[in-house]
Amino acid sequence: MQFTEEVNWTFFDFIIAGILLIGTGLICELTIRKVKKKRHRIILIVVIIVVLFLFWAELAVGIFGSPFSGN
């Protein structure tokens with residue numbers, strides 16, 4: 001949008017991206033505070049980040065073909 005016209009995000013897209021990022025950060029923070037064992041903490045945070053990337057990819061290009069991707 002700023003550099004090319006090929007990417008055309010709407011206001012709603014920015015809201016969803018913000019919710020995903022803030023939600024992931026809050027869930028990671030909660031995990032860090034509540035889980036006592038360091039190994040479990042690391043595993044859970046990696047899983048949370050992988051889930052974030054899967055949601056983001058689904059919303060961006062529809063890798064799973066769900067109705068959320070706009071297909």
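A salt bridge is here a side-chain nitrogen of Lys or Arg within 4 Å of a carboxyl oxygen of Asp or Glu. A search of the whole structure finds 1 salt bridge. The structure is a predicted model, in which local features need pLDDT of at least 70 and side-chain atom pairs count only at pLDDT 80 or more, while totals for chains, interfaces and linings use all residues. Residues are numbered from 1 along each chain as its sequence is written, and side-chain values use heavy atoms, with hydrogens and water left out.

Helix α1 covers residues 11-34; helices are DSSP runs (H or I, at least four residues) numbered from the N terminus. Its 24 residues reach 34 Å from the first C-alpha to the last, close to the expected 34 Å, where the expected span is 1.5 Å times one less than the number of residues.

The salt bridge joins Arg33 to Glu29, with the closest N and O atoms 2.8 Å apart. Arg33 and Glu29 are separated by about one helical turn because they are 4 residues apart in α1. Relative accessible area is classed as buried under 20%, exposed over 50% and partly exposed in between (1.4 Å probe, protein chains only).

| Residue | Relative accessible area | Class |
|---|---|---|
| Arg33 | 59% | exposed |
| Glu29 | 35% | partly exposed |
| Thr31 | 10% | buried |

The buried residues of α1 are Ala17, Leu20, Thr24, Cys28 and Thr31. These buried residues pack against α2 (38-61). Leaving aside neighbours within four places in sequence, Thr31 is in contact with Arg41, Leu44, Ile45 and Ile48, contact being heavy atoms within 4.5 Å.

How values were computed:
Helices (H or I, at least four residues) and strands (E, at least two) are DSSP runs, numbered from the N terminus.
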